[in-house]
Amino acid sequence: MKPVRFGLIGCSGIARRRFVPALAGLKAARLERVGSRDPARAKQFAEAWGCSKYGSYGEVMADPDVDAVYISTPPALHESWIRAAATCRKHILCEKPAFTNYGSAVEVVELCRRSGVRLMEGYMFRYHPQHAVVMALLAEDRIGAPQVIQSEFALPEPASGDYRLQPEMGGGVFLDAAGYPVAIALLLYKTMPTSIYCQIRVDENGVDRAISMVLDFSGGRLTHALALYGTCYRSSYLVLGSQGSIQTTRAFSVPPEMKIELVLETVSGKEIIPVAPADQFRLMIEDFCAQITQSGLSSQTFEDRLLRQHAVMEAARRSNARQRPILLSEIETGKI
């Protein structure tokens, strides 16, 4: 079977550090062309990875040998390049968040479906095996009925000039990090919240720097999600059940060589559960390629999962603006 041939839209740090190294180790995919706004940067990046083809974003889109694109531009530019790729009938793996609002997500997912291309939003952490271990523990009723998920993604201060400190480029911790605690709640609870309450703290430059969210699920289950700039790194979640708890220590951005430990606490005591290192980027790319080549099927479609994620994020954004809880049905039916 032929490998999926990727074109890069953006020579970003995440492309250089994580995506392309993961791609290089796969038989199912290869790097076909590198695109950048800066021709010299495209050339340098391509040569570093043994790729002979490079140029502008437009050249990536026009290349008939490119089957799929990986988009890692600043978030404010994601939608326009997703639209361009769909129009050129390229499959799309886009860094999170793929969109900055729910309305655009609905519209562009429909465009992708009409164009016959797949669209995945790159929440790569879902593919780390630690979360499958957590879900297995829940299925085995090891901590009783899950009642609360406390999840946090806290990051050190971004460097001066980083797009994450530029609201016009889609910067801010809401788009950068708040989606991770939401995504893990949807993954573990396997359903959508009924309502969302969110508070966002914005600095004098218009950059959102602290997020607190409460997601209310059926059956009295809750998620409390935090995202923050300007502190020590934290990437974890705690599942509290009626008979115990499960604690992760590094949940979202996990280097491929890192060993993970889960902490299971019950009335019987504490148990440390080791999880072997895994390259979550590689696993994500493999699943994406399997969908394109039809050699495998995910339990859910990428696009539906993306729409669920963005419906919740839109409710959070509206909640902060209106300073009240927002019913998810208000977003899905267009009542607000």
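Modeller: Contact here means heavy atoms within 4.5 Å, and helices are DSSP runs (H or I, at least four residues) numbered from the N terminus. This is a predicted model, where local features need pLDDT of at least 70, side-chain atom pairs count only at pLDDT 80 or more, and totals for chains, interfaces and linings use all residues. Residues are numbered from 1 along each chain as its sequence is written, and side-chain values use heavy atoms, with hydrogens and water left out.

Colleague: OK, which residues of α1 and α9 meet?
Modeller: From α1, Ile-14, Arg-18, Phe-19, Ala-22 and Leu-23 meet Gln-280, Phe-281, Arg-282 and Ile-285 of α9. By class, this contact has 6 nonpolar, 1 polar and 2 charged residues, where Ala, Val, Leu, Ile, Met, Phe, Trp, Tyr, Cys and Pro count as nonpolar, Asp, Glu, Lys and Arg as charged, and the others, Gly among them, as polar.

Colleague: And at what angle do α1 and α9 pack?
Modeller: Helix α1 (residues 13-24) and helix α9 (residues 280-293) pack at about 60 degrees, with their axes 8 Å apart; axes are lines fitted to C-alpha atoms over the stretch in contact, and angles run from 0 to 180 degrees between N-to-C directions. That makes α1 oblique to α9, because angles under 35 degrees count as roughly parallel, over 145 as roughly antiparallel, 65 to 115 as roughly perpendicular and the rest as oblique.

Colleague: Switching topic, which element gives the largest share of the lining of the largest cavity?
Modeller: That is α10, with 4 residues; a lining residue has an atom within 4 Å of a point of the cavity, a set of points on a 1 Å grid over the protein atoms alone where a 1.4 Å probe fits but cannot get out.

Definitions and conventions. Helices (H or I, at least four residues) and strands (E, at least two) are DSSP runs, numbered from the N terminus.
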